[in-house]
Amino acid sequence: MGKRLVAYFSASGTTKKVAEMIVDHVRADLFEITPKIPYTKADLDWMDKKSRSSVEMNDKKFRPEVMDTDIDINAYDEIILGFPIWWYVAPTIVNTFLEKYNFSGKKIILFATSGGSGFGNTARELQTSAPDSVITEGKIFHNVVKQQIAEWAGTL
């Protein structure tokens, strides 16, 4: 078993909590996908068609900038990748992260937080950003429940 990385994007802190709990149960390093311009509460108002998140998600080619980091993706064989579900898919900042590094030959296991929706086309849409990786749907957490997260982490 090679090295694992838990990488996540969290706009409101919910996905961050889940990522930290996963790291408590699997041997992995933790990495936050940090937007260059942080999201405000107004940016995340999905009811406002002019909000930043709405504008980004309406343009599948949009790639929000991420903070520069010197993470060595080559050091990892498996990436456990987490994010909130926005409009039934991953936020486009997750595509930015996948396109920034070379994930060829890597196994990417997805986890997400959501108020109720499922993965939808998420894996397929992310695959285009990391074409030579193997992306699999892991688990969607509708509530942050320690036991549920621990049980899922135990299957990894």
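Let's start with Lys100, which counts as partly exposed because its relative accessibility is 33%. Keep in mind that this is a predicted model. The side chain of Lys100 meets that of Asp68 in a salt bridge, at 3.4 Å from N to O. This pair ties together distant parts of the chain: Lys100 sits in helix α3 and Asp68 in the loop between α2 and β3, 32 residues apart.

In total, the structure holds nine salt bridges.

Arg52 and Glu56 meet through their side chains in a salt bridge, 3.0 Å from N to O. Glu56 counts as buried because its relative accessibility is 3%. Arg52 also forms a salt bridge with Asp43, again side chain to side chain, at 3.5 Å from N to O. Here too, both Arg52 and Asp43 are buried.

Thr92 is buried, since its relative accessible area is 3%.

Now let's zoom out to the sheet. It is an open sheet of five strands in the order β2-β1-β3-β4-β5, and the pairing is parallel. Which strands are at the edges? They are β2, residues 29-32, and β5, residues 134-141, each of which pairs on one side only. On average, neighbouring strands of this sheet are turned by 20° against each other, ignoring direction.

If you follow strand β4, residues 107-113, you will see seven bridges joining it to β5, with the two running parallel. For a landmark in that pairing, look at Ile109, which stands opposite Thr136 in β5.

Then there are helices against the sheet. Helix α5, residues 146-153, packs on the sheet and touches β3, β4 and β5. The direction of α5 makes about 160° with that of β5. Helix α1, residues 14-25, lies across β1, β2, β3, β4 and β5. Relative to β4, helix α1 runs at about 130°.

Last stop, the surface. Which residues make the nonpolar patch of about 550 Å²? They are Trp46, Met47, Trp87 and Tyr88. You can find Tyr88 in the loop between β3, residues 78-84, and α3, residues 92-100. Is Tyr88 buried or exposed? Tyr88 counts as exposed because its relative accessibility is 57%.

Terms used. Residues are numbered from 1 along each chain as its sequence is written. This is a predicted model: local features need pLDDT of at least 70, side-chain atom pairs count only at pLDDT 80 or more; totals for chains, interfaces and linings use all residues. Side-chain values use heavy atoms; hydrogens and water are left out. Patches are made of residues with over 30% relative accessible area and no salt bridge: like charges are joined within 9 Å, nonpolar side chains (Val, Leu, Ile, Met, Phe, Trp, Tyr) within 5 Å. Accessible areas come from the Shrake-Rupley method with a 1.4 Å probe; for residues, only the protein chains shown count as cover. A salt bridge is a side-chain nitrogen of Lys or Arg within 4 Å of a carboxyl oxygen of Asp or Glu. Helices (H or I, at least four residues) and strands (E, at least two) are DSSP runs, numbered from the N terminus. Buried means under 20% relative accessible area, exposed over 50%, partly exposed in between (1.4 Å probe, protein chains only). Two strands pair if DSSP finds at least two bridges between them. Axes are lines fitted to C-alpha atoms, for helices over the stretch in contact, and angles run from 0 to 180 degrees between N-to-C directions. Contact means heavy atoms within 4.5 Å.
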